[in-house]
There are 2 protein chains.
Amino acid sequence: MSFCIGVDLGGTFIKAGVVNDRGDIVDSLQIPTGVEANSSSVVMQNIKDSIKNLMEKNKDKKIKAIGVGVPGIADDKGNINIFSNIRVFENYPMAKELSQEFKLPVFVDNDANNAATGEFLFGAGKGMNNFFVITVGTGIGAGIFINGKIYHGKNGCAGEVGHMLIDLDGRPCGCGNYGCWEAFASASAIIKRAKSLVRKGVKTTLIKYYPDNINAKVIVEEAKAGDKISMEIFDEMCRYLGLGIANIVNILNPECCIIGGGVSGSKEFLLDKVKFYTSLYAIPYAYEVFTIKLAEMGNDAGILGSAALAFTNLRD
Amino acid sequence: MSFCIGVDLGGTFIKAGVVNDRGDIVDSLQIPTGVEANSSSVVMQNIKDSIKNLMEKNKDKKIKAIGVGVPGIADDKGNINIFSNIRVFENYPMAKELSQEFKLPVFVDNDANNAATGEFLFGAGKGMNNFFVITVGTGIGAGIFINGKIYHGKNGCAGEVGHMLIDLDGRPCGCGNYGCWEAFASASAIIKRAKSLVRKGVKTTLIKYYPDNINAKVIVEEAKAGDKISMEIFDEMCRYLGLGIANIVNILNPECCIIGGGVSGSKEFLLDKVKFYTSLYAIPYAYEVFTIKLAEMGNDAGILGSAALAFTNLRD
């Protein structure tokens, strides 16, 4: 059995794990990213410490490579650019530095791409060559598989689907535009929507959680429990999710969309609605061969996806 | 010098030509498609007659293959499905039938894909591997090049960008949905917009052409001549064109969009505006490496694209 280390660099935490070639995490840890120091060397040291720690605790296992997921863009040499959360990396040779430190092959890619690679190798994307994985959270990111490989585009930023405009001059988005998909269909979008309705005095059981404890999970729970407003909010999100998925279906005619991120925890409650709306908006011929699935990587998607990146690159 | 025949099957006319490997049309003809007979054998006979005619007139040239463009979907064996205009082909083995008739290799693909192949081989797409060509006319179709090849998707209908929803519940589209891109940014959309404004009594020089002679060309001409309403209509179309192009840029991070179809005749007048709006709506990192060009195939795009399909397949 062979092993790789997967590292998920997030804005708050670095999560890392030792993963075997069947996709089991045999050891893992989590440490703060340390963004407050505003220094690339501090973040890099924390990444190195987490890898070192795992390697020492797992000396008995042959680690073959390291995969890293970053909330930004990586070129095929593992040089990274990060624009959000951790603004300290600009054209930074992360793969090279880690490879020199640990004398192992190191592969780096965008975290949404790795989520897709994880599903491809270990999860809901097994055996498929043309599909995409959307991660629905604060925003909406995608990893797109074309002909059995992650599609990076011209300079590595393919899959920025969250900023697809679906309603010109519609809701404001953090990017400065109005009407981006993620301003309608992300977890953040429904939280904002819920808070706004509570503030307006609309009758809803969500008032129990207002303001700080309103999150996507409680909105789903209250919707299931029969709160009409929560249901409307959830349904609206599903409608917009379906719309955006249908747009990608019409453009790329893929075989599957895999939905990941926190909202995928709502399982069939989400899936059935999103399927319905996608079927309304996609062209019939493309929809006929298309399916929507839930991601299977769950909370460990970051570690598993990064390890999957390492495994798939070792194979090539 | 080698030659291929390119056939462009349209709803009204079949256009066919003998094309050399530099992209010159050395002979061509046009005959009615004959859709009114509502019979696949009548249309097939007309296609065969047009090819036969060209082959007889060009006996001195060695014709190596035949390429056909259809307003529908073709699989990689050249079986076609057409849903609009010519509804007589359902899973019809067009390539096989023509190949048996003429004892030559025959390749069939969607006309928007062929437009992209034409630009790739002979025009504005030379040397590029990741780009897309949009043809703006009655609707908006696209041919998408990924890693140097036309991307067909799961069952051959990738590139149906005209039905990307950009304004949920917006303007009605012929497909039955509301808010499709082509209901805002196609030639038909601006003609409809112009007629509606004239009917409302808005002061515009377009009244000279109302109702039957209002077309995209006169709207552009009147806009250039200083008619404010024509300018507003044209500008609105460019804004929506930019929006849809930006969406594809955000999803696919391509290097170029090539704009074809009648409206591309407006050249820089169109291009400058569309570039401006695309720059507003695309994410900066993807826009940095992206350009927009005008198609170079012009009125003969259909014949040249179909011939280009044949040439590129012979190469493979």
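Predicted model: local features only at pLDDT ≥ 70, side-chain atom pairs only at ≥ 80, totals over all residues.
**Helix packing in chain A**

Let's start with helix H1 (residues 40–57) of chain A and helix H2 (residues 94–102) of chain A. Their axes come within 11 Å and cross at roughly 40°. Angles from 65 to 115 degrees count as roughly perpendicular and those under 35 degrees as roughly parallel, and H1(A) and H2(A) are therefore oblique to each other. The crossing of H1(A) and H2(A) is right-handed.

Which residues of the two helices meet? On the H1(A) side they are A:Met44, A:Ile47, A:Lys48, A:Ile51, A:Lys52 and A:Met55. Their partners in H2(A) are A:Met94, A:Glu97, A:Leu98, A:Glu101 and A:Phe102. Sorted by class, the residues of this contact between H1(A) and H2(A) are seven nonpolar and four charged, with no polar ones.

**Helix packing in chain B**

Now for chain B. Helix H1 (residues 40–57) of chain B packs against helix H2 (residues 94–102) of chain B at an angle of about 40°, and their axes are 11 Å apart. H1(B) and H2(B) are therefore oblique to each other, and H1(B) passes H2(B) in a right-handed crossing. From H1(B), the contact uses B:Met44, B:Ile47, B:Lys48, B:Ile51, B:Lys52 and B:Met55. From H2(B), it uses B:Met94, B:Glu97, B:Leu98, B:Glu101 and B:Phe102. The class count for the contact of H1(B) with H2(B) is seven nonpolar, no polar and four charged.

**Two cavities**

How many cavities of 30 Å³ or more does a search of the whole structure find? The search finds two, and the table sets them side by side.

| Cavity | Volume | Lining residues |
|---|---|---|
| Largest cavity | About 40 Å³ | A:Tyr151, B:Asn130, B:Phe131, B:Phe132, B:Ile144, B:Phe145, B:Ile146, B:Leu252, B:Pro254 |
| Second largest cavity | About 30 Å³ | A:Asn130, A:Phe131, A:Phe132, A:Ile144, A:Phe145, A:Ile146, A:Leu252, A:Pro254, B:Tyr151 |

Around the largest cavity, strand E9 (131–136) and strand E10 (140–146) of chain B each supply at least two lining residues. E10(B) gives the largest share, three residues. The lining of the largest cavity holds eight nonpolar residues and one polar residue, with no charged ones.

The second largest cavity is lined by residues that include A:Phe131, A:Ile144 and B:Tyr151. Strand E9 (131–136) and strand E10 (140–146) of chain A are the elements that give two or more residues to this lining. The largest share of the lining of the second largest cavity, three residues, comes from E10(A). By class, the lining of the second largest cavity has eight nonpolar residues, one polar and no charged.

**Backbone spots to look at**

Most residues other than glycine have a negative phi, and most peptide bonds are trans.

In chain A, a cis peptide bond joins A:Tyr210 and A:Pro211, with omega about -5°. A:Pro211 lies in the loop between helix H5 (187–199) and helix H6 (216–224) of chain A. In chain B, B:Tyr210 and B:Pro211 are joined by a cis peptide bond, with omega about -5°. The loop between helix H5 (187–199) and helix H6 (216–224) of chain B is where B:Pro211 is found.

Finally, A:Lys103 is not a glycine, although it has a positive phi of about 55°. Look for A:Lys103 in the loop between H2 and strand E8 (106–110) of chain A.

Conventions: Residues numbered from 1 in each chain as written. Chains lettered and ligands numbered in written order. Heavy atoms only, no water. Axes fitted to C-alpha atoms, helices over the stretch in contact; angles between N-to-C directions. Helix = DSSP H or I, 4+ residues; strand = E, 2+ residues; numbered from the N terminus. Parallel < 35°, antiparallel > 145°, perpendicular 65-115°, else oblique. Left-handed = near helix turned anticlockwise from the far one by under 90°. Contact = heavy atoms within 4.5 Å. Nonpolar A, V, L, I, M, F, W, Y, C, P; charged D, E, K, R; others polar. 1 Å grid on protein atoms, 1.4 Å probe; cavity = no way out; pocket = protein on both sides within 12 Å on 5 of 7 lines; lining within 4 Å. Points joined across faces, edges and corners; volume = space filled by probe spheres on them.
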